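Hi everyone, thanks for making time this morning.

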Amino acid sequence: MAGSRSDAPVVIAVAITGSVPRKKDNPAVPVTVAEQIESTHQAFEAGATLCHIHVRNDDESPSSDPDKFAAVQEGLRRHCPGMIVQFSTGGRGRDPAARGLSLRHRPDMASLSTGSVNFPTIVYENSASLVTDLAGQMKQYGVRPEIEIFDLSHLHGAKRLVEAGLIDARPHVQFVMGVQNAMPAEEHLLDILLAETRRILPEATWTAAGIGRNQAIVMDWALARGADAVRTGLEDNIRVTKDRLAAGNAELVGLAAEAVARHGRRVATPAEARAALGLG
């Protein structure tokens, strides 16, 4: 697939907050806009070149407030020059009609799930009409989607969007592994997903996200297979070990950078990250 070379620099994506972890789970989870900007700046200094953003209400519940997304983006563009800003359009705890409101602020990228999936306590619903609408808004505002793959069928959902002209033929896809009730973190499943991606989306760039205790092992599997990027951050995993909480997003990014080096590769600069993911 495009860019999947064992010698290519690796984009480190940091998912700073998410919609689930609270400060009671790990006090380092950044919730306010100011906390998110500071945590991302520390992660940027540690080597992250892409930031995946959710925003929260004052009670720490998920928010779709476009002004908060815009404020985080403004801070990152000021303090993290060249970093790729990626908004979440994920639906956990959010009104489907509001999930695309932030796209008018034209982030570099936004997440796009192409199908529904079971989560631990809910069904994460992504109807075909909602997916088409979000993809259309991303195209309208010049936002590059990251296709979230929770199931093999979601790859074919992405292919349909390519065929409809809503996304280009070189999408960036992320395999999400280890969510309870969804796709398990098993190495042979990653190989199946990659084989199907090569067959139907041969120009795609790709990454993989391991949730919770699966974060490090999925990262190793991805790096061993020439992934264009890896993902870390407190959204997916709040611990460094079973017995110790992560001190912050920067510590998790540092561990990702060490993993990249162990695989004989180097961390991408902001300019290299943009080139790798088709952002110019």
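Let's start with the lining of the largest pocket: its residues split into 20 nonpolar, 17 polar and eleven charged. Please keep in mind that this is a predicted model. The largest pocket holds about 1,000 Å³ of space. There are 48 lining residues, and those closest to the centre of the pocket are Ile 211, Gly 212, Glu 235, Asp 236 and Asn 237.

Which elements build that lining? Those that supply at least two residues each are strand 6 (109–113), strand 10 (172–177), strand 12 (229–232) and strand 13 (239–241), along with helix 6 (215–224) and helix 7 (249–262). Helix 7 gives the most, with five residues.

Take helix 1 first, residues 33–46. Helix 1 packs with helix 7 at an angle of about 20 degrees, and the axes are 8 Å apart. The angle is under 35 degrees, so helix 1 counts as roughly parallel to helix 7. Their crossing is right-handed. On the helix 1 side, the contact is made by Ser 39, Gln 42, Ala 43 and Ala 46, and on the helix 7 side by Asn 249, Ala 250, Val 253, Gly 254 and Ala 257. If you sort the residues of that contact, you get five nonpolar, four polar and no charged.

Now the other partner, helix 6. Here the angle with helix 7 is about 35 degrees, with the axes 10 Å apart. Helix 6 also passes helix 7 in a right-handed crossing. Gln 215, Met 219, Asp 220 and Leu 223 of helix 6 meet Leu 252, Ala 256, Ala 259, Val 260 and Arg 262 of helix 7. This contact divides into six nonpolar residues, one polar and two charged.

The largest cavity has a volume of about 30 Å³. Its lining is made by Ser 19, His 54, Val 55, Pro 62, Ser 63, Phe 69 and Arg 94. By type, that lining has three nonpolar residues, three polar and one charged.

Key. Residues are numbered from 1 along each chain as its sequence is written. This is a predicted model: local features need pLDDT of at least 70, side-chain atom pairs count only at pLDDT 80 or more; totals for chains, interfaces and linings use all residues. Side-chain values use heavy atoms; hydrogens and water are left out. On a 1 Å grid over the protein atoms alone, a cavity is a set of points where a 1.4 Å probe fits but cannot get out, and a pocket is an open set with protein on both sides within 12 Å along at least five of seven lines; lining residues have an atom within 4 Å of a point. Grid points are joined across faces, edges and corners, and a volume is the space filled by probe spheres set on the points. Helices (H or I, at least four residues) and strands (E, at least two) are DSSP runs, numbered from the N terminus. Ala, Val, Leu, Ile, Met, Phe, Trp, Tyr, Cys and Pro count as nonpolar, Asp, Glu, Lys and Arg as charged, and the others, Gly among them, as polar. Axes are lines fitted to C-alpha atoms, for helices over the stretch in contact, and angles run from 0 to 180 degrees between N-to-C directions. Angles under 35 degrees count as roughly parallel, over 145 as roughly antiparallel, 65 to 115 as roughly perpendicular and the rest as oblique. A crossing is left-handed if the near helix is turned anticlockwise from the far one by less than a right angle, and right-handed if clockwise. Contact means heavy atoms within 4.5 Å.
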